[in-house]
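The exercises below ask you to read features from a protein structure step by step. Have the sequence and the 3D view open while you work through each solution.

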Amino acid sequence: LSGLDPAQPYFQGTPTEVRLDKSDADFVDIIHTDSAPTIPNLGFGITPAIGHLDFYPNGGKQMPGCGKNPVSQIVDLDGIWEGTRDFVACNHLRSYKYYSDSIIYPDGFLGYPCASYDLFQAGKCFPCPQEGCPNMGHYADKFKGKFTGGFLKLYLNTGEARDFPLWRYKITVTLSGRSKVRGYVNVALYGSDGNTKQHRITKGTLKPDNTYTAYIDAEVNVGKVTKVKFLWNNNWINPTFPKLGASTITVESGQN
């Protein structure tokens, strides 16, 4: 039984007989997309974990792409009717859009078991545990019986628009060069199944022999990594023409 952002008003805090609960089926998975308090945030979705697996994409409160201005949201790619509905209840309706995308992407929407969204963002719950990460949406039931005990909260990030799934990677870069400079470092991944755009790893003071780590949510599952593109820029003309390289770059994918 899949709950797509189950309702908060009149249901949150009520007995299990009144609302959706893990006792209602052999396997209950929940997608929380609008779980901010109804007052004052107008959150329509229930906040607590209530299923066997509870997914909180983007933290479960504010979905990317839902903060657009009203005109651009109503004149939407999916048509004015869809855009108007999104303007009224965009976060709430993201749940079924994620679910429909999950049917097309069986390897997408990996949910990482974590105590909070902040810890997930900081990389504290990466990579997946030994038993793996469940997929939010249509294929969540592949993990039926793998997690026993209490409620399991799972976190992940999604894109702003279709296609929604993102794949998480840990990128670690050790710099090489003669002197420190200010600027930024970008990395792009190339693989057997596709390439990513450039992702920012760090910005500020770049120091040779220092190691910088970032967690990126890539728009494609690159498969087996075949090449990594490293770019840096110091944003202004420097008469000393500083040179900077990468002595090592390590790529770790979340699922394995």
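Helices (H or I, at least four residues) and strands (E, at least two) are DSSP runs, numbered from the N terminus. This is a predicted model, in which local features need pLDDT of at least 70 and side-chain atom pairs count only at pLDDT 80 or more, while totals for chains, interfaces and linings use all residues. Residues are numbered from 1 along each chain as its sequence is written, and side-chain values use heavy atoms, with hydrogens and water left out.

**Exercise 1. Confidence**

Find which helix has the lowest mean pLDDT among the elements of the protein, and which has the highest.

Solution. Begin with the term itself: pLDDT is the predictor's confidence in each residue, on a scale from 0 to 100. The protein averages a pLDDT of 90, and 90% of the residues score at least 70. Going through the elements, helix 2 (residues 70–74) has the lowest mean, 55, whereas helix 4 (residues 117–121) has the highest, 98. Where pLDDT is low, the predicted coordinates should not be read in detail.

**Exercise 2. Disulfides**

Locate the disulfides, and state for each the handedness and where its cysteines lie.

Solution. A disulfide is a pair of cysteine sulfur atoms within 2.5 Å, and by this rule the count comes to three.

Step 1. Cysteine 66 is joined to cysteine 90, with an S to S distance of 2.0 Å. Cysteine 66 lies in the loop between strand 3 (53–57) and helix 2, and cysteine 90 in helix 3 (residues 80–104), so this pair ties together parts that are 24 residues apart in sequence. The link of cysteine 66 and cysteine 90 is left-handed, with -75 degrees about the S-S bond. For burial, the cut-offs are relative accessible areas under 20% for buried and over 50% for exposed, with partly exposed in between (1.4 Å probe, protein chains only). Cysteine 66 is therefore buried, at 12%, and cysteine 90 is buried too, at 6%.

Step 2. The sulfur atoms of cysteine 114 and cysteine 125 are 1.8 Å apart, and the two residues form a disulfide. Cysteine 114 lies in the loop between strand 4 (112–113) and helix 4, and cysteine 125 in the loop between helix 4 and strand 5 (152–156), so the pair ties together parts that are 11 residues apart in sequence. The torsion about the S-S bond of cysteine 114 and cysteine 125 is about 60 degrees, so this disulfide is right-handed. Cysteine 114 and cysteine 125 are both buried.

Step 3. Cysteine 128 and cysteine 133 form a disulfide with sulfur atoms 2.1 Å apart, and the link is left-handed, with -115 degrees about the S-S bond. Cysteine 128 counts as buried because its relative accessibility is 12%, and cysteine 133 is buried at 5%.

Step 4. With bonded cysteines counted along the chain, the disulfides follow the pattern 1-2, 3-4, 5-6.

**Exercise 3. Aromatic pairs**

Describe the aromatic pair that tyrosine 98 forms with phenylalanine 109, and the one that tyrosine 98 forms with phenylalanine 164.

Solution. Rings of Phe, Tyr and Trp (its six-membered ring) pair if their centres lie within 6.5 Å; planes under 30 degrees apart count as stacked, over 60 as edge-to-face and the rest as tilted. The count by this rule comes to nine aromatic pairs. Tyrosine 98 and phenylalanine 109 form a tilted pair, 6.2 Å centre to centre with 40 degrees between the planes. This pair links distant parts of the chain, since tyrosine 98 is in helix 3 and phenylalanine 109 in the loop between helix 3 and strand 4, 11 residues apart. Tyrosine 98 and phenylalanine 164 form an edge-to-face pair, 5.1 Å centre to centre with 75 degrees between the planes. Here the partners are 66 residues apart, with phenylalanine 164 in the loop between strand 5 and strand 6 (167–177). Tyrosine 98 and phenylalanine 164 are both buried.

**Exercise 4. Backbone details**

Where is proline 127 found, and which residue does a cis peptide bond join to proline 127?

Solution. Proline 127 is found in the loop between helix 4 and strand 5. The cis peptide bond joins phenylalanine 126 and proline 127, with omega at about -5 degrees. A cis peptide bond also joins arginine 162 and aspartate 163, with omega at about 0 degrees, and aspartate 163 lies in the loop between strand 5 and strand 6.
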